[in-house]
Amino acid sequence: MTKTPTTLEEPAEPRPIASPLTRLGDARWILITVFCAAMVAVAFYGVPFSAVLVMMAVLGVVTGLIPRRASSRRVKLNAQREIRRMWPGTGMKLTVDALPTPCIVADGRGITRYVNKQAHAAYEGVKPGDPLSFSLRAPSLLEAFDRVCTTGEAERINWIEKVPTETWYEAHIAPIYMPGSAGQDRGPGLPDFILVVIQDQTENRRLERMRTDFVANASHELRTPLASLTGFIETLQGPARNDPEAQDRFLAIMLDQAGRMRRLIDDILSLSRIELKAHVRPAGMVDLSEIIRHTADAMSPVAADLGVDIRVEIQNVPARIKGDRDELIQVTENLIENALKYGHQGKFVDIGLSEPSGDPEERAWQLSVRDYGEGIPPEHLPRLTERFYRVDVESSRAMKGTGLGLAIVKHILTRHRGRLEVESEPGKGATFKVTLPAIENAAGIPDQTSV
Ligand code: ADP
């Protein structure tokens, strides 16, 4: 916790001259005591009452008119009040410390008075006693701070810092008036303290941008086949009304476009379903080798159509993992389908499953799907799992791709605590490797998952 400098706790200002009324107030007990003694003298020693009145009047005038410094107690109280205006009290510090975001308390002159732990961690240079502008340099923040000092109205501002990386900030700047302080008497224009709460909004902005990009991409992907469908419907209603040959041709294209829209909607729904349960780890036990064999068999007609031979090299032992069977089928299906679609020139697709080894805590099964096609240029590798990212849009569309397959794979693997790695050398094909944590317990595998 910040230590308050002693120089500010003990102001060395001269005591001010008290007003006559204040002086009378200060001496009230002495005057009352003298009056009581005089009344005793009137009662028991025959002193005339008029003499007492004259004496009290003289005493009152003398007490009220002789200039005197204000009482040291009053000075101390005033000094303490002044300190309270300059340094936040313990209550304020504890409250600011309890907040989860970086908070800085400054006074009306822009001097930092208190910094909570989060602000210490986020802004190393920020120190109590220093002007706020020493550590926070964003011009919009400092301008807003000045406005709050003069208007006394809270403000919320946003700004971006480009160096070292693009970071979005949001700051809430609010005036604080201490109860009974001079600041409050002077009206709302001059707050005693100003609370600056700063939040890093980069992650929120990134998610927001991802969401808007996704909606824009999805609408764009849907609009293309929709435009094509509309165009053909208009042609069928107009020029091709009496042309059965053209009608057959156009209806086949329309069916293809409708299929493209259906695939896109299916993939979007699939992605959003997986995202909904992204943080829930699957509870079921499955045999990964059975899932791979099952999928490879299911894909064999597609492979035959493309003239590709799928070679499965998997040992005859169950590969037990915690997982969701349907989702893992979707993973293997997407990877094998991609190898067939984009690597069919290589004529072979090799599927392997390596057994877990090493530290029991880190034992994992590794599935690999290798093709011998054109491969993927290295600059595309880091972006392959982004939604709607394609190396070549035309070839993806020609192969009935949606650009969402690997995004779905990545989300499923994240939920399964797994990971995806891609290795590729252009001209020599690509290898997609899926790593999934192993489970040694055989008893957990339900019957329906066995071959
Ligand atoms: P799509 O539906 O277009 O296949 P994916 O997300 O499955 O979308 O794949 C994204 C892109 O990655 C594909 O468009 C393709 O360009 C590239 N890609 C995926 N797998 C392979 C592969 N085995 N060989 C070459 N390129 C691939």
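The model is predicted, so local features need pLDDT of at least 70 and side-chain atom pairs count only at pLDDT 80 or more, while totals for chains, interfaces and linings use all residues. Residues are numbered from 1 along each chain as its sequence is written, and side-chain values use heavy atoms, leaving out hydrogens and water.

Start with the whole chain. The protein chain has 16 helices and 12 strands. Both are DSSP runs, numbered from the N terminus: helices are H or I with at least four residues, strands are E with at least two. Of the 451 residues in the protein chain, 38% are buried. Buried means under 20% relative accessible area, exposed over 50%, and partly exposed in between, with a 1.4 Å probe and protein chains only. Contact means heavy atoms within 4.5 Å. Among contacts with a separation of 6 or more, 63% join residues 24 or more positions apart.

C36 is partly exposed, at 42% relative accessible area. C103 is buried, at 0%. The structure holds zero disulfides; a disulfide is a pair of cysteine sulfur atoms within 2.5 Å.

Next, a helix pair. Helix α11 (residues 202-237) packs with helix α12 (residues 244-276) at about 160°, their axes 10 Å apart. Axes are lines fitted to C-alpha atoms, for helices over the stretch in contact, and angles run from 0 to 180 degrees between N-to-C directions. The two helices α11 and α12 are therefore roughly antiparallel. Angles over 145 degrees count as roughly antiparallel, under 35 as roughly parallel, 65 to 115 as roughly perpendicular and the rest as oblique. By class, the contact of α11 with α12 has 18 nonpolar, five polar and two charged residues. Nonpolar covers Ala, Val, Leu, Ile, Met, Phe, Trp, Tyr, Cys and Pro; charged covers Asp, Glu, Lys and Arg; the others, Gly among them, are polar.

A second pair follows. The axes of α13 (residues 288-306) and α14 (residues 325-343) come within 9 Å and cross at roughly 30°. Helices α13 and α14 are therefore roughly parallel. Their contact includes I291 and M299 of α13, and L328 and I336 of α14. By class, it has 11 nonpolar, three polar and five charged residues.

Last, look at D324. This residue lies in the loop between β8 (320-322) and α14. Its C-alpha atom is 6.2 Å from that of G284, 40 residues apart along the chain. Not counting residues up to four places away in sequence, D324 touches K277, P282, R415 and H416.
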